[in-house]
Amino acid sequence: MPYNVIVLVKQIPDIDQMKTDPGTGEPILQNLPLRVENLSKNAIEAAVKLKEKHGGKVSAIIFGTDRSSAAMKESYAMGVDEGFLLTGYDGNHPEVTAKVLAEKIKTIPHDLVILGNQSADSYTGLLAGKISALTGEPLLGNAVRIEMDGKTAKVTSALEEYNLEIKSDTPAIISVAQEINEPRLPPVLQIMAAGRKPINTQPAGPKEKFTSVVISNRAPKSDRKRIVFEDVDKGVSEVSKAIKEAIR
Amino acid sequence: MKALVFSDNQEIVAQILTSIRGKSDADAAVVSPVMESIDQYGAAKLYELTGTPGTDAISQSLSKIFAEGKYDLFLAGSTVRGREVAGMLSEALNLPAMTEISDLVFRDGKIVTKRFFYGGKTLLEEESSARVLTVMPGISEASRSQSRSELVKVELPASKITIVNRIDKMAGSVNIEKAQVIVSVGRGIGSKENIEKVKPLAEAVHGEIAGSRPVCLDYQWLSEDRQVGLSGKKVKPKLYIALGISGQIQHIAGMRTSRVVVAINKDKSAPIFEEADYGIVGDLFQIVPKLVSALKQ
Ligand SMILES: Cc1cc2nc3c(=O)[nH]c(=O)nc-3n(C[C@H](O)[C@H](O)[C@H](O)COP(=O)(O)OP(=O)(O)OC[C@H]3O[C@@H](n4cnc5c(N)ncnc54)[C@H](O)[C@@H]3O)c2cc1C
Ligand SMILES: Nc1ncnc2c1ncn2[C@@H]1O[C@H](COP(=O)(O)O)[C@@H](O)[C@H]1O
């Protein structure tokens, strides 16, 4: 049977390109491009694969800002059919994000909500549980495999010590692990088509926010020597000496 | 302060209890069956949760215990299940949460925490009145206390989740935790066959082969007991050579205490170079044979 799947997509600064200030160790966030968060891509891929297998529709929700349409276009290019961009995102506040997303989820008919198990920039990892609590839908967490059978969703849930096969009735929330799939790189034609597709944009209502006082936010100190050679031959000669020294 | 500590991994419960001993009163909750001696880490009460351990059921049960017991803090070990329970409970009780903390200090009724941010590139130190915390494994070296916990059995309510099957992970025969020298390969190795190409290096330094999570778990190019990192093994060799490993924080978490770290990566800005004593920027397939011949000289 076809399934209506909602996928939750987070936009983040491109942390791979992020540098920290060599003097203060603080992150340099200016001019950092934005992109779709890693696990959100696995979530999109999982949702699109279900559509390809069973039919149905994939809707994406981004709680982001005016700058998030690029992330929605990327989601479209990967196979998302309809996109809802909720603006008003103001940093990583899981209690706000969860409420905003859950409110929207409740207005869209669905069999599954798929999201990442832990986002790559903040590692919060709370949204799956929070959204399950807010919607009352059971959570099938950290899935490395999803199987649908009528109104039953079964996943292989990867735990630290072992894996568990668990199942529940739909509608259900599924969080996915990085290992579940390799997100597709959409072909150019699809990317172009995605650019023309409309995005449903609406502001999300303000929610009570929990704030902390930041004492410091710096690159962690490590006592490593950080001697890095870009000249391979010089590197090999120096590093082999260091290796001999280390294992003596 | 009065804390309720929970983890599906009882060793983490012992670590968290040890880390807050003397600073906060604490009770703990674990999923049945209880581990031997888990009643000796300083929890006044030890709740043993029996029945089907769906996270919805655990969260409902602990929300009730938390509210009725007038606790100030809920500390969950940051495992897959721990984060799920923390998310559910924080929403059910409307309590502010702080996640993935690696350090915790109580200061004038507030708490000061440390956690990694921006994919592990920065360490964020904050003061807050968070009431739900997810705590990274290894926050302290667990040690026993004088007192014994009072055991309280709690039957979990019905769960919407059915457990169908448990699948144990495949295990090999090495113990990389004790290895003196480790040659570790990441996704940059490209294929299972390519691991053969770095074996001469492992032989030259008398090291064990280990790997990052994608290599051990995702692609299964190596057995899972060779995985280094947060969700793998914590290693502390004299020498750790990282080949084609980007150096994400979850990997670093498993090898940070290595004595000397060497990294080879073709990407000059790979974070592994921040965590290395010596690095060479370039193609590992070109560099490894050169290194092997230099080591043989
Ligand atoms: C909760 C959680 C727990 C996790 N636990 C772990 C864990 O325990 N252990 C772990 O390792 N990961 C863990 N991860 C995954 C982690 O975030 C990273 O995804 C993983 O460490 C990346 O592995 P990698 O460095 O092998 O791959 P990548 O990040 O893909 O890096 C590959 C690197 O190889 C380099 N490269 C490619 N080709 C070559 C070449 N020919 N020569 C030289 N260099 C080359 C590239 O420049 C790149 O830097 C965890 C993630 C989460 C969310
Ligand atoms: N602002 C957001 N908008 C939409 N989805 C989000 C947002 N933040 C997080 N998510 C989803 O929740 C997953 C886990 O995020 P977190 O719990 O914050 O670590 C991500 O992988 C996304 O799928």
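In strand β15 of chain B, B:G279 is the bridge partner of B:A263. The views below show a predicted model, in which local features need pLDDT of at least 70, side-chain atom pairs count only at pLDDT 80 or more, and totals for chains, interfaces and linings use all residues. Residues are numbered from 1 along each chain as its sequence is written, chains are lettered from A in the order in which they are written, and side-chain values use heavy atoms, with hydrogens and water left out.

**View 1. Parallel pairing of β14 and β15 in chain B.** Strand β14 (residues 260–265) and strand β15 (residues 278–281) of chain B run parallel and are joined by 4 bridges. Strands are DSSP runs of E with at least two residues, helices are runs of H or I with at least four, and both are numbered from the N terminus. Two strands pair if DSSP finds at least two bridges between them.

**View 2. The open sheet of 6 strands.** The order is β15(A)-β15(B)-β14(B)-β13(B)-β11(B)-β12(B), with parallel pairing. β15 (227–229) of chain A and β12 (208–211) of chain B stand at the edges with a single partner strand each, so one side of each is left without a neighbour in the sheet. On average, neighbouring strands of this sheet are turned by 20° against each other, direction ignored. Helix α6 (residues 232–247) of chain A packs on the sheet, where it touches β15 of chain A and β11 (181–185), β13 (239–243), β14 and β15 of chain B; its direction makes about 150° with that of β15(B). Axes are lines fitted to C-alpha atoms, for helices over the stretch in contact, and angles run from 0 to 180 degrees between N-to-C directions. Helix α7 (residues 284–296) of chain B lies across β13, β14 and β15 of chain B, at about 135° to β14(B).

**View 3. The open sheet of 10 strands.** With mixed pairing, the order is β14(A)-β7(B)-β6(B)-β5(B)-β8(B)-β4(B)-β1(B)-β2(B)-β3(B)-β9(B). β14 of chain A and β9 (150–155) of chain B are the edge strands, each pairing on one side only. Strands β14 (residues 213–218) of chain A and β7 (residues 122–128) of chain B run antiparallel and are joined by 5 bridges; A:N217 stands opposite B:L124. Within chain B, β2 (residues 25–31) and β3 (residues 45–50) pair in the parallel sense over 4 bridges, and B:A28 stands opposite B:L46 in β3(B). Helix α2 (residues 55–68) of chain B packs on the sheet, and its direction makes about 165° with that of β1(B).

**View 4. The interface between chain B and chain A.** Contact (heavy atoms within 4.5 Å) involves 84 residues of chain B and 81 residues of chain A. The buried area is about 7200 Å², with 57% from carbon and sulfur atoms; this is the accessible area (1.4 Å probe) that two parts lose on being put together, summed over both. B:E91, B:Y118 and B:K121 supply 10% of the area that chain B buries against chain A, more than any other three residues.

**View 5. A salt bridge between the chains.** The count between chain B and chain A is 6 salt bridges, each defined by a side-chain nitrogen of Lys or Arg within 4 Å of a carboxyl oxygen of Asp or Glu. One of them joins the side chains of A:R226 and B:E274 (3.5 Å, N to O). Helix α3 (residues 80–92) of chain B gives the largest share of the side of chain B that touches chain A, 9 residues.
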